[in-house]
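Open the model in your viewer and keep the selection panel at hand. The tour moves from one selection to the next.

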Amino acid sequence: MRQAFAAIAFALSAQAALAEGPAQPPPAPCQLPRIASLDMQTEPNGLVTVPVTVAGRAGRWLVDTGNVTSMISDTVATQLNLSRGMYYAPGTMMGGVSINEFAIVPSLEFAGMRAGKSQLSVAPEFVLENDTIGMLAPDIMQHYDIDFDFAAGRLNVFSASHCPGKVVYWTKGNYAQVPMKLDSDGHITIPVTLDGKAMTAVVDTGAQGSTMSMATFESLFRIGGKDAALKPLGNVSVNETKPTAAYRYPFATLSFEGVQVISPNIVLLKDTRMGDDDTGLLLGIETLRQLHMYIAYQEGNIYLTPAEAR
Amino acid sequence: MPALPAQASAYSEFDAGIAARNLGLCDIAIAHMTAALGAPDLLASLRSGALLVRGDCLRQTDKNAAALADFDAAIALSPDNFDSHLWRGELLEHLARYDDAAADFSTLIRLRPDLSKGYVSLGELYLAQKKYDEALAQYATLIDVGSDDYLGYLLRAKAYFLKGAYELAMVDADRVVKMAPRASPGHFVREAIYEAQGKLALALSDINLVLEDTPDDVEMRRQKGIILWEMGQFSEATDALIPLKKLAAADGYTILWFDLARVADDEPDRDLESRSAAVNLTKWPGPIVALYLGRETPDDIQSFIAAAPFDERDDMRCQAAFFVGEWQVRHHAKPVGYALLRQAASDCPVDYAERGAAAIELSRLR
């Protein structure tokens, strides 16, 4: 779920890297220093969660590369009696949901590491599924390499200190090394090719599906809204906001520097608030989970293979 | 150049199953998950998820026994999975296996005492069984556990209301309105309490407050028409219901109330046929609309109810008693009509508009 903050006035130290756990022996030259391998649970809607503990409260958190700041549920923040504040400039999640408040947690534990006092945004209850109590966002993740092994159900966390390019440990086969850009909010954009058209895409593991605005689609593909191949899907709603008209087009191939997703399911949305106001395409978990995705935030690359490549 | 494997593997079947369910294509999702579960290489950690997704799709397609078997298997693999207990509990409740459903909802509370879902589900289950005190206990815990969120107070107001404890219900409803002045749930419950107490002007005031914020709220606009009908302001009732011609063209209840208001206002409802064109006459309350159109008989309505799912029959009987009663009175079968209206006034739950409306109509007819 994308969240674009115009400004975050209250800048506490939450976004610092977590203090690491027990001292580890120095890795051998060019060996990937693995910090943790977490149980990554696939929820029935396809989104993935991992265990995180805040102020002693353990729970499952959505892994959301498309958010900005990590978030804690409103209810849990209240139960933990966390001190709160209001953002001077509220943020907006995908679908137009306002994020107005932040909370201060005394401690946060992720991947065997522990941070002290940290700031988290407060998530409205309806954006979280049943027993998910938070969202893990780039403010925490971007200090590490984050490896999504969907097929094995593991989220691996590696230290960012390693030899450049020496990261694809899971296969000796071919892989794609895709340069990525991080905007000021930590959103990842990468170059992709969709049916031969080059464009940029946002990588958003917090979005269930992949979306593109109708305006972008019509502009890039020169295909009008009345084309016979466009199939109306009715109105869809994101984050319980006002529904917007949605369409499907039979795309053939989505390519990442050679690694391909065949017949990608990309929903075209009439309302750009829900799609891609500043990029060509938003890649949600439905597309991403067909890949093994290693995000080297500090190095500035994403490494991709098919999900089951070994 | 690497590409996705051409031959479907256990993981790709699992992946395709999730995608199909998200698209609402349950038959396809069931096929993919069945293939995934049949593959020996499906990761153990994905197996319970595959069972859960397939079970949910089986439930959505009314294959309840198979769905229950999948939920049982998912829970055997992952005993502490929250969704598994929630979905199995909901299915068991639908199957009227209330004690088993209560056990699953209690497990939700044991697993996550800090979350509202278990208390809400268990409370609703008790309400469905008219176990008001047990429901009230769940909502009291929800208020203690929770936060300053109004949900616990809202549900407790509803439980008190259904129990007939109107004063206590009003205390909680007032609190909800104070906590969330722009949200309609508090006004909605308060309006229902006022209506049950016969304070129709106050009920109308709450409805108008909600409609100021959400003028297209179909349920509230229809309720406004009903209250005005109950107040004997038939012309105003018709005016309140007119916008729903566009907003809720397929809503049978709105069609029926519009007809009652217009006829009571001595205006023959000549365009009932065209206004009800979008109503599905085979789905409740469609058969009653068909009765008013002259296409069905009261006996047809009784037959429809007898063939309906067990847990829906009481509600249908209540509504049928009121609307068929009105129809009988209109067709000069007053003894039968009065008897049906008396039945609606006594048997309908207190939160059903037909209960108050029947009582008021009986007093008018006297």
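This is a predicted model: local features need pLDDT of at least 70, side-chain atom pairs count only at pLDDT 80 or more; totals for chains, interfaces and linings use all residues.

**Stop 1: chain B as a whole**

Select chain B. Its secondary structure comprises 22 helices and zero strands. Along the principal axes, the C-alpha atoms occupy a box of roughly 75 × 50 × 40 Å. Chain B has 366 residues, and 45% of them count as buried. Now consider its contacts between residues at least 6 apart in sequence: 42% of these link residues at least 24 apart.

**Stop 2: the two domains of chain B**

Colour residues 233–279 of chain B as domain 1 and residues 281–366 as domain 2. Their centres, taken over C-alpha atoms, are 17 Å apart. Where the two domains of chain B touch, domain 1 contributes 11 residues and domain 2 contributes 10 residues.

Stay on the domain 1 side. Which elements give two or more residues here to the contact with domain 2 of chain B? They are helix 16 (252–264) and helix 17 (272–275) of chain B. Helix 16 of chain B gives the most, with seven residues. By type, this side of domain 1 of chain B holds seven nonpolar, two polar and two charged residues.

**Stop 3: where chain B meets chain A**

Show both chains. The contact draws 30 residues from chain B and 32 residues from chain A. On the chain B side, select helix 1 (10–22), helix 3 (44–60) and helix 5 (82–94); each supplies at least two residues. Helix 3 of chain B gives the most to this side, with six residues. The chain B side is made up of 15 nonpolar, seven polar and eight charged residues.

**Stop 4**

How many bridges join strand 15 of chain A to strand 27 of chain A? There are four, and the two strands run antiparallel. Strand 27 of chain A spans residues 301–306.

**Stop 5: A:Ser98**

Move to strand 8 (residues 98–105) of chain A, where A:Ser98 is found. Is A:Ser98 buried or exposed? A:Ser98 counts as exposed because 11 C-beta neighbours lie inside 10 Å, and the cut-off for exposed is 12 or fewer. Draw a distance from A:Ser98 to A:Ala123. These residues are 25 apart along the chain, and their C-alpha atoms are separated by 9.3 Å.

**Stop 6: the largest nonpolar core**

Bring chain B back. The largest nonpolar core has 187 residues. Select A:Ile72, A:Leu136 and A:Leu304, which have the most contacts inside this core. Domain 1 (233–279) and domain 2 (281–366) of chain B both give residues to this core, so the core lies between them.

Finish on A:Leu136. Leaving out residues up to four places away in sequence, A:Leu136 touches A:Val50, A:Val52, A:Trp61, A:Leu62, A:Val63, A:Asp64, A:Ser70, A:Phe110 and A:Met141.

Terms used:
Residues are numbered from 1 along each chain as its sequence is written. Chains are lettered from A and ligands numbered from 1 in the order in which they are written. Two residues are in contact if their C-beta atoms, placed from the backbone, lie within 7 Å. Ala, Val, Leu, Ile, Met, Phe, Trp, Tyr, Cys and Pro count as nonpolar, Asp, Glu, Lys and Arg as charged, and the others, Gly among them, as polar. Domain bounds come from an automatic or database domain assignment. A residue is buried if 20 or more other C-beta atoms lie within 10 Å of its own, exposed if 12 or fewer, and partly exposed in between; C-beta atoms are placed from the backbone. Two strands pair if DSSP finds at least two bridges between them. A nonpolar core is a set of buried Ala, Val, Leu, Ile, Met, Phe, Trp, Tyr and Cys residues joined through C-beta atoms within 7 Å.
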